[in-house]
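Please look over the structure below before reading the report.

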Amino acid sequence: MNYPIWELPGSGLLIAFVAVVHVVVSHFAVGGGLFLVLAERKARLEGDQELLGYVKRHSRFFILLTLVVGAITGVGIWFTVGLVHPQATSSLINAFVWAWAIEWTFFVTEIAAAMVYYHGWDRLLPRVHMRVGWIYFWSAWLSLVAISGILSFMLTPGGWLETRSFWQGLVNPTFLPTVAARTAVAVGLAGLYALVTVAWSGRPDTKARVARYAGLKWVVPMAVALPVTITWFLWAASGAGVPVSGVLGARADSIGALIQSLAAAPQTGHPIAHRAAQVVFAASLTSLLLTLFIALVRPRGFGPPLALAASLAAFIAIGAGEWVREDLRKPFVIGRYMFVNGVRVAEPPISVVPTAEVAGLVGSDRYTVRALTESGVLAASAWARTPPPGSAGVGRSRAEGEQVFKILCSSCHTVDGYVAMRPLVAGMSVGAIEHVVERLAVPVDAAAQPAAWAPRVEHRSWRGRRMPPFAGTPEERHALAVYLAILGGATPESVAAPPPEGGDVGKQYFEENCSSCHDPGGDMAIRPKGRTAETFYEVLGRLPSINELMPAFEGTDDLRRALAAHLAGLSEPDAPGAVAKESSR
Amino acid sequence: MIPGIPQADPLPLPAPPWLLAALLVVTFLLHVLPMNFALGGSIMGAVARLRARDGLHPHHAALASWIGKALPIVMAAAVTAGVAALLFLQALFGRLFFTSSVLIAWPWFSVVVLLLAAYGGAYALGSPSPRSRERLCVALAVPAALLVVGFIYSNNMSLMLRPAVFVAMYRSSGSGFHLNLADPVLLPRFLHATTGAIAVTGLSVALYGLWSKSRVRGVFRETEGHDGASAAGTHGFSRWAIAWGSRWFVAATAVNVVFGTWWLIALPTEILLGTMGEALGLTLSLAGGILFAIAAFGLVMMAVKADSPGGPLIGAAGSLVAAILMMILTRDQIRKALLEAAGYVPIAWTATQWGPLLIFLGLLVGATVAVVWMVRVLVKARHRGDVQAA
């Protein structure tokens, strides 16, 4: 679209991989700093040379991990998001240059302090050495605070949506709980890393002392603090309009309902997020139990496998937690400002529109839903490989559709890999796909009536999926449907063939408009139960009142009668799939 | 509108462009100095390590050891300052930078992996036993990785100035395997930067020789037990380091005259003419850069022949920093001229965020004070230790 798209299937997974590594290391960089300075203080106050020796050895591991892996993977995240989401990265840079710059001053101090702390063990006076340690910790933690502001902004931008105010964006509704939760993660991780580094020690006394200190005073308290802070975070996110309970499969936003949902099988449209939440819970519990076992049962004799297992469980929990956070944000990459595919929700508010002179240079935003629907996504994308002017027919539509897919869908979907499209469209007709695409996300007002896209507008999604709306012309929507139908198994010939003369228009309408949800073999198959065509005719006139997710029937009266007749003629399936066979005869 | 240049965000710049440009220049200077030492030092360190293999070149062994210890620190400084430079570059030229990055996505992403390997390798080099085979392999791998990183950077920084080729390049393939090899500027630019890094390191080695004079015993103690360490602990090492570093500086600077000229000639004619008087700022900054480089060259030559090389060497270091600053300003103006010629219009929509900006400036001062204090106490403590040991 505005930027070229890196044609890397499942590119989001690359971000996830780099991010999880960085998150694990960078949180340790914060908590580990606190652990070092407090453990050093304890050792010095108690005159414990063994503990002091351990802390010194631990600091080498710490500096290697945080400076080398932490710093470079931090840069790596920046590189990766810039490649995968240039549009969103550009927005974040523009909105928060000074937040990044402020974070950088903490980063510089943190790196310098880490090096001086490490190299100063035998050179600096103890009080100076510890002062450097404190400088390290506070700068690392403040760095976490700054980044938390930007991360939480991406989920809940708050008043920034209307004002573009730096502070309203940074200190947004989920900012404080994010800082609290990440601080708890950092402190807990520091305890786990300490268990890992001491696990190799051949001195049982040192091992036992560190195991009890790190396990009981660092990991366990955070195992209590973390659920509290996460609950605070979810509550704040829910209050800011994030559909927390919907995504996590809970009946309500209450703590009880959320806990209950952890034990249930995924029944929502977001099984990955639900599963990830379950993994967070299970892995955290595993890590806690292993830590307790180490600290209370085997403090003198535990080895690296046990300590590594506790840490690995925590890493898994953190990775899954980040996954849930990312999933909560969908279909946006910046909440209610930009969809995951880089399409902006709406034009800037009047209060921040540039002067006429500057507007002449910037131009009106070409990448909002409205602008793209008017201009066409292919016309707005200089990068699209559109077919040659002379081409026509299904071949052209398919080629255009492939480009539309690449521009609007490939940030999440692959053809056959992660979140694959092919199985989703298998056997679907062009009409049915068009019908789904048209209803992916429809903005609605307070009375549930269709509205225009605006930052605060609610939207109705197709079958509750959190998808961005299709932002393109009707021709592009058709082209996308042709491409997807062929992807799903239709032949170009069948796609090109006109509807048979004198065919069952009711059946055809059903297949194109209803079957995407009421697939005869699916769990929402239509069961006539003896109802007549007249009854169905009446029902078709009040579809939204039956289920708010159902669109109103918008066809002609003749078409409505034909559809009603088709529905009444469906045989009662004994088992799912029977109707499909029946209707295909 | 140029098709390959993305539309600007509907968000204003949070500071006047001149301020962001000034911060870009300052942070890039802070990045380029340690970065030059990291690249040049890894090359000189590898050469020193190769020579020290036979056990007959104690000075090389001592030099390799020093570079091995210094590399992690300068790499940390280079990465840290580079982050800020990248931030301000993205704020000013994000539309071009993100686009060129996507075009060379895989090489660009590989920078992360290569940096990780080089950084880890730099730490591995900091330990003793310079003759071990594994360490030698690492010593060769680190400069190799950094050279590739430098080449990829040259590709991205030069490609972002050619928006006219963006669309055709992407349409030929969007898988992110491109490089900017067709650009005549690429090779001289890369070679000029690499040779400049060697020159900076050469002068740094000479300065280290000068500095080690005042703490000969410290060097002796730190390298004791290594091959040739006893010789390194004499005045001979400092004299050798001054001569050896100066020789690398002089040779690299002489070669860089050729690469620099090549780079200029490879530029479009109108830009070249701009450096010759048609654009006053550009001409002045380039001339200033050349004059400071000549001054540094002359002072190093003086230092080699002088009985007390301290003054000339320190003067050369100052001149070299000034030359680099001038070259950065030249580069900045060439970038603007090339982009203007390509039809790029910078966005002048600014809504300065004064509060956050002032907080940043205050914290920058605070960070500087904290870093200076910490480094100072460490260095002073080190000196105190040396005195006590003596």
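## Overall form of chain B

The model is predicted. Chain B has 13 helices and zero strands. Its C-alpha trace spans about 70 × 45 × 40 Å along the principal axes. A compact globule of 390 residues would have a radius of gyration near 21 Å, and the 22 Å of chain B agrees with this.

In chain B, 56% of the 390 residues count as buried. Taking contacts in chain B between residues at least 6 apart in sequence, 82% join residues at least 24 apart.

In soluble globular proteins, nonpolar side chains tend to be buried together. Here the largest nonpolar core has 221 residues, and those with the most contacts inside it include Phe96(A), Trp98(A), Leu20(B) and Phe360(B). Helix α2 of chain B, residues 58-103, gives the most to this core, with 26 residues. A second, separate core has 44 residues, among them Ala432(A) and Leu484(A).

Apart from its neighbours within four places in sequence, Phe96(A) is in contact with Ile150(A), Phe153(A), Phe166(A), Gly169(A) and Leu170(A).

## A nonpolar patch on the surface

Leu216(A), Phe293(A), Leu296(A) and Val297(A) form a nonpolar patch on the surface. Together they have about 350 Å² of accessible area. Helix α11 of chain A, residues 271-297, gives the most to the patch, with three residues.

Phe293(A) lies in helix α11 of chain A.

Notes: Residues are numbered from 1 along each chain as its sequence is written. Chains are lettered from A and ligands numbered from 1 in the order in which they are written. This is a predicted model: local features need pLDDT of at least 70, side-chain atom pairs count only at pLDDT 80 or more; totals for chains, interfaces and linings use all residues. Side-chain values use heavy atoms; hydrogens and water are left out. Patches are made of residues with over 30% relative accessible area and no salt bridge: like charges are joined within 9 Å, nonpolar side chains (Val, Leu, Ile, Met, Phe, Trp, Tyr) within 5 Å. Accessible areas come from the Shrake-Rupley method with a 1.4 Å probe; for residues, only the protein chains shown count as cover. A salt bridge is a side-chain nitrogen of Lys or Arg within 4 Å of a carboxyl oxygen of Asp or Glu. Helices (H or I, at least four residues) and strands (E, at least two) are DSSP runs, numbered from the N terminus. A nonpolar core is a set of buried Ala, Val, Leu, Ile, Met, Phe, Trp, Tyr and Cys residues joined through side-chain atoms within 4.5 Å. Buried means under 20% relative accessible area, exposed over 50%, partly exposed in between (1.4 Å probe, protein chains only). Contact means heavy atoms within 4.5 Å. The radius of gyration is taken over C-alpha atoms; the globule rule is 2.2 Å times the number of residues to the power 0.38.
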